[in-house]
Amino acid sequence: MKILSIDIGGTFSRFGDFSISESTLISRNEPFKVPTRSEKVTSLEALLALFNQDRPDGFLHAGQYDLIVLGVAGPVMGRQCSPPNIRWAIDLNTFTYKDRTMMINDFVAQAYGLVHPGVAPQLMKVCVQEKATSEGHIAVVGPGTGLGHCCLVAQGNAASSPFLH
């Protein structure tokens, strides 16, 4: 399976090229950056057109990917998002590749990345407290065009967590 990941930020959008082989996620190329605040980028379709025009060797045309995953800097409501720092809204219901595209908040994507088997052990090395564990809640906060944040709640604790967003 070939996957195009797009981190859509208020200033830049970063494109990643991945494949899944035998249940292993493989990064196939270095990420590629396109300015989101370009006068040429007035929609998700225009962003993809700019990517298709300028993509480096190794990246496929957007239409050749099996799955497109958008991480958007803004609140995602189903298949729609109106990012606060981007002049255009995203509606996957009208998107050319709508049947093979999914969208989540960019910081939710960061949090899920933290629980990836290759990342979690490295994160635990950073935690110097003796009681650090990989089984609790995960909060992610960070600066970008705005201040992003999210929280993943450990299974079984969702109903009692005041941090669920």
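## Overview

Of the 165 residues in this protein, 35% count as buried, where buried means under 20% relative accessible area, exposed over 50% and partly exposed in between (1.4 Å probe, protein chains only). The model is predicted, so local features need pLDDT of at least 70 and side-chain atom pairs count only at pLDDT 80 or more, while totals for chains, interfaces and linings use all residues. Residues are numbered from 1 along each chain as its sequence is written, and side-chain values use heavy atoms, with hydrogens and water left out.

The protein contains three helices and eleven strands. These elements are DSSP runs numbered from the N terminus: helices are H or I with at least four residues, and strands are E with at least two. From the N terminus on, their order is β-β-β-β-α-β-β-β-β-β-α-α-β-β. Among contacts in the protein with a separation of 6 or more, 52% involve residues 24 or more positions apart; contact means heavy atoms within 4.5 Å.

## The nonpolar core

In soluble globular proteins, nonpolar side chains tend to be buried together. A nonpolar core is defined here as a set of buried Ala, Val, Leu, Ile, Met, Phe, Trp, Tyr and Cys residues joined through side-chain atoms within 4.5 Å. The largest such core has 27 residues, and Leu4, Ile8, Leu44 and Leu70 touch the most other members. At least two residues each come from strand S1 (2-8), strand S4 (32-35), helix H1 (44-54) and strand S5 (67-72). H1 gives the largest share, five residues.

Leu70 touches Ile6, Ile8, Leu44, Ile90, Leu92, Thr101, Met102, Met103 and Ile104, not counting residues up to four places away in sequence. Leu47 is found in helix H1 and is buried, with a relative accessible area of 0%. Leaving aside neighbours within four places in sequence, Leu47 is in contact with residues including Ile6, Ile8, Phe15 and Trp88. The C-alpha atoms of Leu47 and Pro35 are 8.8 Å apart, and the two residues are separated by twelve residues along the chain.

## The S2-S3 hairpin

Strands S2 and S3 run antiparallel and are joined by four bridges; two strands pair if DSSP finds at least two bridges between them. They form a hairpin with two residues between them, and Glu22 in the turn has a positive phi of about 50 degrees. Ile20 stands opposite Leu25 in S3.

Ser19 lies in strand S2 and is buried, at a relative accessible area of 14%. Leaving aside neighbours within four places in sequence, Ser19 is in contact with Met1, Lys2, Thr24, Leu25, Ile26 and Arg28.

## The salt bridge

Side chains of opposite charge can pair when their charged atoms come close. The structure holds one salt bridge, meaning a side-chain nitrogen of Lys or Arg within 4 Å of a carboxyl oxygen of Asp or Glu. In this bridge, the side chains of Arg28 and Asp17 meet at 3.1 Å, N to O. Arg28 lies in the loop between S3 and S4 and Asp17 in strand S2 (residues 12-21), so the pair ties together parts that are eleven residues apart in sequence. Arg28 is partly exposed at 35% relative accessibility, whereas Asp17 is buried at 0%.

## The surface

The protein exposes about 10200 Å², of which carbon and sulfur atoms supply 55%; accessible areas come from the Shrake-Rupley method with a 1.4 Å probe, and for residues only the protein chains shown count as cover. Met1, Ile20 and Leu25 make a nonpolar surface patch of about 280 Å². Patches are made of residues with over 30% relative accessible area and no salt bridge, with like charges joined within 9 Å and nonpolar side chains (Val, Leu, Ile, Met, Phe, Trp, Tyr) within 5 Å. Leu25, in strand S3 (residues 24-27), is partly exposed, with a relative accessible area of 46%.
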